[in-house]
Amino acid sequence: MALRELFRPGVRLDEDFWEELEATLIMADVGPYLADELAASAREAIAKTNLDSAADAHGLIEELLVGQLVSGSSQLLTAQPLTTILMVGVNGSGKTTMSAKLAYWLQEQGHTCMLAAADTFRAAAIDQLGIWAERIDVPMIAQQPGSDPGAVVFDALDSALARNVSHLIVDTAGRLHTKSNLMDELRKVQRIVANRVGAPAIETLLVIDAIAGQNVLKQAKIFCESVNVTGIVLTKLDSTARGGSVFSIARELELPIKLVGTGEQLNDMDMFDSVRFVRALLSETVPT
Ligand SMILES: Nc1nc2c(ncn2[C@@H]2O[C@H](COP(=O)(O)OP(=O)(O)OP(=O)(O)O)[C@@H](O)[C@H]2O)c(=O)[nH]1
Ligand SMILES: [Mg+2]
C-alpha cells in the first residue's frame with residue numbers, strides 16, 4: 001500500500017492504521033527498527049492532539065519524518081579561493097555521472113569548474129569523464145591510466161588555482177570499503193588537498209546508490225571512519241521507490257544529504273530538499 005492511501009479520507013487513527021504505517025515504511029526501505037521508532041513517535045505525538053482521522057494527521061506525520069531526515073545543512077560548501085569536491089563511494093554508485101552533473105549545475109549557477117580524473121584504474125574511466133567534460137565544456141585534468149591519483153589531484157589543484165576557478169570536482173575510483181589500501185589512497189588524496197587549500201575547503205561527498213537499500217549503511221560507516229565525509233549524495237532515485245534507506249543512513253551517520261541523482265542525463269540532479277523528498281516517498285506506490 002502506498003502511504004498516500006494510508007491517509008485517504010475516512011481512515012481512523014486506530015491500531016490498524018499504526019500497523020499499516022509501520023509496514024509501509026518498512027516497504028519503502030526505512031528499515032524495521034526505524035520504522036517502528038517512527039511509527040511509535042508519530043503515535044505519541046498524535047496522542048497529544050485531538051486528531052482522530054488519518055487525513056488530518058498527515059501533515060504532522062510528514063513533519064516528523066522530515067525532522068528525522070534533516071541533519072545539518074544541505075547547502076554545498078563554498079570556500080575561498082577554491083572549493084574542492086571529492087566524490088567517493090563504492091563501484092558503480094554514480095560518482096562520475098554526478099561529477100559531471102554537478103559541474104554542469106555549478107556552471108549554470110555562474111561558478112567556474114574544473115574536473116580531475118582521479119580514477120586512474122581504468123583508461124575507460126578517464127575517457128568517460130572526458131566525454132562529459134567535453135559535453136559541458138569544463139576543463140579536465142588527467143594523467144595516464146595507472147598513475148597515482150594523488151599526483152593527478154596535486155596537478156589539478158595547481159591548475160585550478162592558476163586558472164582561478166571556483167570549484168574543483170574530483171572523480172575518484174569506486175572502491176570497496178573493505179580494501180584498506182584503497183581507503184588509504186583516498187585518505188592521501190584528501191590530505192593532499194588539505195595541505196594545499198586547507199581541510200575546511202574540502203567537501204567530501206559519499207555517493208550512495210538508492211537501489212542498494214539498507215545494505216549500504218555498513219559500507220557508508222566505514223567510508224566515514226576512513227575519510228572525513230561531509231555529505232551524502234543519493235543517486236538513482238528514479239529507479240527505486242525504496243529511497244527510504246536514506247532515513248537510517250542520515251541518522252546513523254549524522255550527515256546531511258546534499259544532492260540527489262534522478263537519472264542519467266545532465267539535468268537529472270537536484271539539491272536535496274527534505275520536504276520534497278518525504279512528500280515523494282509518501283506518495284510513492286510501493287509494490288506489495
Ligand atoms: N537511473 C539512473 N542511473 C544513474 C544515475 N546516476 C548514474 N547512473 C548510471 O549508473 C551507472 C554507473 O554510473 P557511474 O557514474 O559510472 O558510476 P561510478 O560510481 O562512477 O562507477 P565506478 O567509477 O565504476 O565506481 C551508469 O550507467 C550511469 O548512467 C541516476 O541517478 N539514475
Ligand atoms: Mg566512475
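**Close-up 1. Arg-196 over the ring of Phe-154.** Arg-196 lies over the face of Phe-154, 5.9 Å from the ring centre, where a charge is said to sit over a ring if NZ of Lys or CZ of Arg is within 6 Å of the ring centre and within 35 degrees of the ring normal. This is a predicted model, in which local features need pLDDT of at least 70 and side-chain atom pairs count only at pLDDT 80 or more, while totals for chains, interfaces and linings use all residues. Residues are numbered from 1 along each chain as its sequence is written, chains are lettered from A and ligands numbered from 1 in the order in which they are written, and side-chain values use heavy atoms, with hydrogens and water left out.

**Close-up 2. Helix H7, residues 149-163, and its buried face.** Helices (H or I, at least four residues) and strands (E, at least two) are DSSP runs, numbered from the N terminus. The buried residues of H7 are Pro-149, Gly-150, Val-152, Val-153, Ala-156, Leu-157 and Ala-160, where buried means under 20% relative accessible area, exposed over 50% and partly exposed in between (1.4 Å probe, protein chains only). Seen down the axis of H7, these buried residues fall within an arc of 150°, so they line one face of the helix; the arc is that of the directions from the helix axis to the C-beta atoms. An α-helix has 3.6 residues a turn, so residues three or four places apart point the same way. Among the elements that cover the buried residues of H7 are strands S1 (83-88), S2 (113-118), S3 (140-141) and S4 (167-172), together with helix H8 (180-197).

**Close-up 3. An aromatic cluster of Phe-7, Phe-17 and Trp-18.** The structure holds two aromatic pairs; rings of Phe, Tyr and Trp (its six-membered ring) pair if their centres lie within 6.5 Å, and planes under 30 degrees apart count as stacked, over 60 as edge-to-face and the rest as tilted. Phe-7 and Phe-17 make an edge-to-face pair, at 5.8 Å centre to centre and with 65° between the planes. Phe-7 lies in the loop between helix H1 (3-6) and helix H2 (15-27), and Phe-17 in helix H2, so the pair ties together parts that are ten residues apart in sequence. The rings of Phe-17 and Trp-18 have centres 4.9 Å apart and planes at 85°, so this pair too is edge-to-face. Phe-7 counts as buried at 5% relative accessibility, Phe-17 at 2% and Trp-18 at 6%.

**Close-up 4. Helix H2 and the residues that line one face.** The 13 residues of H2 should span 18 Å at 1.5 Å a residue, and its end C-alpha atoms are 19 Å apart, which agrees. Phe-17, Trp-18, Leu-21, Thr-24 and Leu-25 are buried in H2. Viewed along the axis of H2, its buried residues fall within an arc of 130°, so they line one face of the helix. Just after H2, Asp-29 takes a positive phi of about 75°.

**Close-up 5. Ile-85 and Glu-203 in contact.** Ile-85 lies in strand S1 and counts as buried at 1% relative accessibility, while Glu-203, found in strand S5 (residues 202-209), is buried with a relative accessible area of 2%. Not counting residues up to four places away in sequence, Ile-85 touches several residues, including Leu-102, Leu-106, Val-170 and Glu-203, contact meaning heavy atoms within 4.5 Å. With residues up to four places away again left out, those that Glu-203 touches include Gln-75, Leu-77, Thr-230 and Lys-258. A polar atom of the Glu-203 side chain lies 2.7 Å from the backbone nitrogen of Leu-77.

Note on methods. Expected span 1.5 Å × (residues − 1). Polar contact = N/O pair within 3.5 Å; in protein donor to acceptor, adjacent residues only side chain to side chain.
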